[in-house]
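Here's a quick briefing to read alongside the model. Keep the structure open while you go through it.

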Amino acid sequence: MPSPRNIEVQPSGDEPTLLVGLVCSGVLRSEIEDHLDELERLVDTAGGRVVERMVQERSSPDPATFVGSGFVAKISNIAADMDVQSVIFDEDLTASQVRNLETEMPENTKILDRAAVILDIFAARARSREAKTQVELAQLNYLLPRLTRRWGHLSRQAGGIGTRGVGETQLEIDRRLVSKRIAQLKGKLAIIERDRRLRRDRRRDLPSVALVGYTNAGKSSLFRRLAKANVLVEDRLFATLDPRARRVSLGQDVTAVMTDTVGFIRKLPHHLVESFKATLEEVREADLMVHVVEASSDDPEHQILSVNSVLHEIVPTEKPTLMVFNKMDLV
């Protein structure tokens with residue numbers, strides 16, 4: 001069975017990309033523009049190049065195409081004129097919306113949503129066995145309800161002669177294959193979580209600190225300085241996927257175990273949070289959370305709220321938290 005990256009075709013290279021946002025009742029256009037700014041950074045991280053941005057204002061999303069039929073025609077015309085290969089919506093799209101939009105677009109133009117781009121970035125940056133397993137699980141959970149005939153076969157071989165039910169369609173076989181793979185990945189993650197728990201138990205005699213925060217807030221830079229660790233530091237979204245734990249001297253003969261964790265982002269796909277629960281267990285078990293905030297951000301308050309929203313899913317009870325404002329030199 002091919003990897004999810006072969007199932008869900010994502011932006012790659014320097015392909016021309018068009019972004020679409022929707023302003024509904026009660027939402028400011030400036031807020032949507034901010035979201036598109038961030039989406040543009042996501043596209044850049046994924047390897048795309050934004051050539052145009054379009055925003056529609058309407059009372060509510062259209063059930064069939066998310067935006068109105070007239071606006072779909074505008075998108076299609078611009079996509080054709082600018083040779084756009086990917087049209088990316090800032091909100092989640094249903095399978096039927098993607099299908100309806102693709103029928104109106106120029107041939108070979110992909111329709112994606114924000115979640116698909118985030119998942120693609122995670123897939124590209126996953127290095128360890130744990131991260132790859134977590135990302136594949138998230139991608140398959142995202143894909144399963146969106147399976148349509150357009151995906152084609154997930155496997156050349158469905159198990160040999162006599163394995164197909166009478167009248168079973170290829171789509172049903174694909175769904176069964178995806179569901180089976182999801183069960184396998186969950187089993188792998190259960191083993192990984194058990195091993196991680198054993199490692200945590202061996203460090204019980206030391207206090208633990210977890211660095212949390214919005215993606216690209218500077219957690220890895222802080223971790224590198226405090227732990228004197230040679231870790232990747234990059235001015236891009238989601239540079240860190242695998243949590244790293246190091247012993248850190250805090251002075252006065254006090255040593256703690258500090259963990260650098262994956263960054264959060266607004267509209268983080270729910271399947272991704274679910275898949276990374278084993279990794280984020282490091283946050284739940286920490287004695288102290290250090291919430292790193294990018295002070296130079298255009299909207300640090302919104303980033304703080306986004307992080308707190310995800311943390312509430314992981315850490316249901318109150319935990320001692322130290323908020324640290326980073327990149328003050330850029331303010």
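Residues are numbered from 1 along each chain as its sequence is written, and side-chain values use heavy atoms, with hydrogens and water left out.

**How confident is the prediction?**
- The protein chain averages a pLDDT of 83, and 85% of the residues score at least 70; pLDDT is the predictor's confidence in each residue, from 0 to 100.
- Over residues 1–12 the pLDDT is below 50, and this stretch has 37 contacts in the model beyond near neighbours in sequence (contact means heavy atoms within 4.5 Å).
- Residues 155–167 also have a pLDDT below 50, with eight contacts beyond near neighbours in sequence.

**The four-stranded sheet**
- Four strands make an open sheet in the order β2-β1-β3-β4, with parallel pairing. Strands pair if DSSP finds at least two bridges between them; helices (H or I, at least four residues) and strands (E, at least two) are DSSP runs, numbered from the N terminus.
- β2 (48–57) and β4 (110–113) stand at the edges with a single partner strand each, so one side of each has no neighbour in the sheet.
- Neighbouring strands here are turned by 25° against each other on average, direction ignored. Axes are lines fitted to C-alpha atoms, for helices over the stretch in contact, and angles run from 0 to 180 degrees between N-to-C directions.
- Strand β1 (residues 15–23) runs parallel to β2, and nine bridges join them; L19 has R53 in β2 as its bridge partner.
- Helix α3 (residues 69–81) lies across β1, β2 and β3 (86–89), at about 160° to β2.
- Helix α5 (residues 114–125) packs on this sheet too, touching β3 and β4, and its direction makes about 85° with that of β4.

**The five-stranded sheet**
- This open sheet has the order β6-β7-β5-β8-β9, with mixed pairing.
- β6 (244–249) and β9 are its edge strands, each with a single partner, so one side of each is left without a neighbour in the sheet.
- Five bridges pair β5 (residues 208–213) with β8 (residues 288–294) in the parallel sense, and V209 stands opposite L288 in β8.
- Helix α11 (residues 300–314) packs on the sheet and touches β5, β8 and β9, making about 150° with the direction of β8.

**Salt bridges**
- The count comes to 16 salt bridges, each being a side-chain nitrogen of Lys or Arg within 4 Å of a carboxyl oxygen of Asp or Glu.
- One of them joins the side chains of R49 and D14 (3.3 Å, N to O). R49 is in strand β2 and D14 in the loop between α1 (4–7) and β1, so the pair ties together parts that are 35 residues apart in sequence.

Note on methods: This is a predicted model: local features need pLDDT of at least 70, side-chain atom pairs count only at pLDDT 80 or more; totals for chains, interfaces and linings use all residues.
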